[in-house]
Amino acid sequence: MKIRSIDIYILDIPTVRPHQLAMHTIVAQTIVVARVTNEEGLEGWAEVATIGGASYGEGTPEAIKANIDQYIRPHLIGKNPVYFSKIMFNISKAVRGNQFAKAVVEAAMIDLLAKGKNVPAYELLGGKVHDSLPLAWTLASGDTGKDIEEAKEFLHQKRHKIFKLKIGKGDPYKNVDHVLKIIAAVGDQARVTVDINQAWDETTANYCIEALQEGGVSMVEQPLPTWNYEGMARLTARFKVPIMADESANSVHEVYQIAKHRYGNSMALKPCKHGGLLETKKVAAIAEGAGFGLYGGTMIESSLGTAVCASVYATISEFEFGTELFGPMLFKDKITTNDVQFENFEIIIPDGPGFGMEIDFEKVKHYSREY
Ligand code: MUC
Ligand code: MG
């Protein structure tokens with residue numbers, strides 16, 4: 001079972017509506033897809049997503065592809081994916097950073113290995129604790145009325161009863177008002193959280209979080225820029241509402257510092273920012289040891305990448321904040337012939353071989369920049 005080749009594709013897939021974050025509005029989401037093929041012709045597939053080119057974080061799609069093609073590929077060719085842990089350790093010695101590139105490569109190897117064994121990927125990661133997990137939705141249309149309509153519709157459909165509001169763009173004080181209006185409309189049936197995506201300074205955060213806490217917000221995600229660790233610690237000490245580290249919580253080393261100094265008291269997991277599924281489990285263990293509440297995060301992956309995240313989250317014991325693996329619902333189209341299932345406010349953990357997704361290669365070609 002040796003790896004013969006690895007192909008990386010960059011795809012741009014339109015979304016069902018504009019999705020507004022502090023730094024970027026998504027109208028077409030960019031994903032990076034990896035295919036590893038073994039000598040027998042069996043394929044393993046995986047996906048990571050990025051947001052807004054280089055505006056959200058360092059991991060741009062073009063850099064992910066270039067670094068895999070140039071620096072990571074030699075560590076894979078001719079190797080047996082059964083040693084994916086050792087292969088990833090070797091890559092970590094030879095390639096610094098590049099967490100997204102490492103994550104997609106590792107996941108593709110795991111998909112290949114699990115398919116070869118005809119077992120779900122979660123069996124290679126310790127086995128699943130959950131058959132399904134709670135599923136948040138992000139209200140980010142940029143319009144309060146539309147957001148309220150969307151929230152009511154999804155409550156009615158039993159799709160979501162946790163809503164995250166993206167409030168980093170524009171006037172912070174008006175945005176607090178926007179949150180309070182949404183809580184007034186649906187707060188008796190749903191949990192409302194906010195994600196600032198680093199957009200506030202500490203003074204603004206102090207003022208706004210006080211109002212949000214009083215208004216009934218149940219979590220505040222990454223209010224300050226990643227560099228302001230001490231500010232995050234001060235907010236954590238001051239407020240009762242949980243302060244979540246997202247963009248600041250990447251490698252196990254960063255996460256250790258966050259846990260030790262309480263630069264937050266809860267954490268969003270994302271396999272891409274931690275550098276893979278094995279690293280995600282290590283990060284979860286550090287956070288758990290510090291008593292942090294966990295959140296199953298997303299970078300807005302399509303069905304394939306969502307199945308990758310769901311497979312590792314299924315093996316982690318507790319998610320105090322649920323997950324936000326809603327990606328497939330925001331995409332207008334998919335690159336798999338089957339879909340991730342959602343039911344009764346939860347995402348169902350896929351049970352098929354590998355990550356349980358069957359690739360529609362025509363769709364991959366259709367949306368790929370390489371074709
Ligand atoms: C983020 O920062 O959490 C997750 C949900 C969403 O709407 O954006 C992403 C990124
Ligand atoms: Mg976030």
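Guide: A residue counts as buried here when its relative accessible area is under 20%, and as exposed when that area is over 50%. The model is predicted. By that cut-off, Asp195 and Asp246 are both buried.

These two residues belong to the metal site. The magnesium ion (ligand 2) is coordinated by Asp195 (OD), Glu221 (OE) and Asp246 (OD). The distances run from 2.0 to 2.2 Å. Along the chain, the donors of the magnesium ion (ligand 2) keep the spacing D-x25-E-x24-D. Asp195 sits in strand E7 (residues 191-195), whereas Asp246 sits in the loop between strand E9 (243-245) and helix H8 (252-261), so the pair ties together parts that are 51 residues apart in sequence.

Stay with strand E7 for a moment. Thr193 is also found in this strand. Its relative accessibility is 3%, so Thr193 counts as buried. What does Thr193 touch, leaving aside its neighbours within four places in sequence? The contacts are Phe163, Lys164 and Leu165, together with Val217, Ser218 and Met219.

Now the helices. Helix H5 (residues 172-186) and helix H6 have axes that come within 10 Å and cross at roughly 10°. H5 and H6 are therefore roughly parallel to each other, as angles under 35 degrees count as such. On the H5 side, the contact involves Pro172, Tyr173, Val176, Val179, Leu180 and Ile183. They meet Thr204, Tyr207, Cys208, Ala211, Leu212 and Gly215 in H6. An α-helix has 3.6 residues a turn, so residues three or four places apart point the same way.

H6 (residues 202-215) also packs with helix H7 (residues 229-238). Here the angle is about 20°, and the axes are 11 Å apart. H6 and H7 are therefore roughly parallel to each other too. H6 passes H7 in a right-handed crossing. H6 supplies Glu202, Ala205, Asn206, Ile209 and Glu210 to this contact. H7 supplies Gly231, Arg234, Leu235 and Arg238.

Next, the sheet of E1, E2 and E3. This open sheet has 3 strands in the order E1-E2-E3, and the pairing is antiparallel. Strand E1 (3-20) and strand E3 (43-49) are the edge strands, each pairing on one side only. From one strand to the next, the twist averages 20°. Strands of a sheet pair through backbone hydrogen bonds, either parallel or antiparallel.

Take the pairings in turn. E1 and E2 pair over 13 bridges, in the antiparallel sense. Ile10 stands opposite Val32 in E2. A hairpin of 4 residues joins E1 to E2. Strand E2 (residues 25-38) pairs with E3 over 7 bridges, again antiparallel. Val32 has Val48 as its bridge partner in E3. Ala34 stands opposite Ala46 in E3. The hairpin of E2 and E3 has 4 residues between the strands, and Gly41 in this hairpin takes a positive phi near 90°. How much of E2 is covered? E2 is mostly covered, with 11 of its 14 residues buried.

Helix H11 (residues 303-313) lies across E2 and E3, and runs at about 95° to E3. H11 is mostly covered: 11 of its 11 residues are buried. Among them are Leu304, Val308, Val312 and Tyr313. Ser303, Thr306, Cys309 and Ser311 are buried in H11 as well.

E4 and strand E13 (residues 346-348) run antiparallel and are joined by 3 bridges. Within E13, Glu346 is the bridge partner of Pro134.

Back to the metal site, to close. Asp195, Glu221 and Asp246 coordinate the magnesium ion (ligand 2), and both Asp195 and Asp246 are buried.

Note on methods: Residues are numbered from 1 along each chain as its sequence is written. Chains are lettered from A and ligands numbered from 1 in the order in which they are written. This is a predicted model: local features need pLDDT of at least 70, side-chain atom pairs count only at pLDDT 80 or more; totals for chains, interfaces and linings use all residues. Side-chain values use heavy atoms; hydrogens and water are left out. Two strands pair if DSSP finds at least two bridges between them. Helices (H or I, at least four residues) and strands (E, at least two) are DSSP runs, numbered from the N terminus. Axes are lines fitted to C-alpha atoms, for helices over the stretch in contact, and angles run from 0 to 180 degrees between N-to-C directions. Contact means heavy atoms within 4.5 Å. Donors are N, O and S atoms within 2.8 Å of the metal (3.2 Å for Na, K and Ca); water is not among the atoms, so sites may look incomplete. Buried means under 20% relative accessible area, exposed over 50%, partly exposed in between (1.4 Å probe, protein chains only). Angles under 35 degrees count as roughly parallel, over 145 as roughly antiparallel, 65 to 115 as roughly perpendicular and the rest as oblique. A crossing is left-handed if the near helix is turned anticlockwise from the far one by less than a right angle, and right-handed if clockwise.
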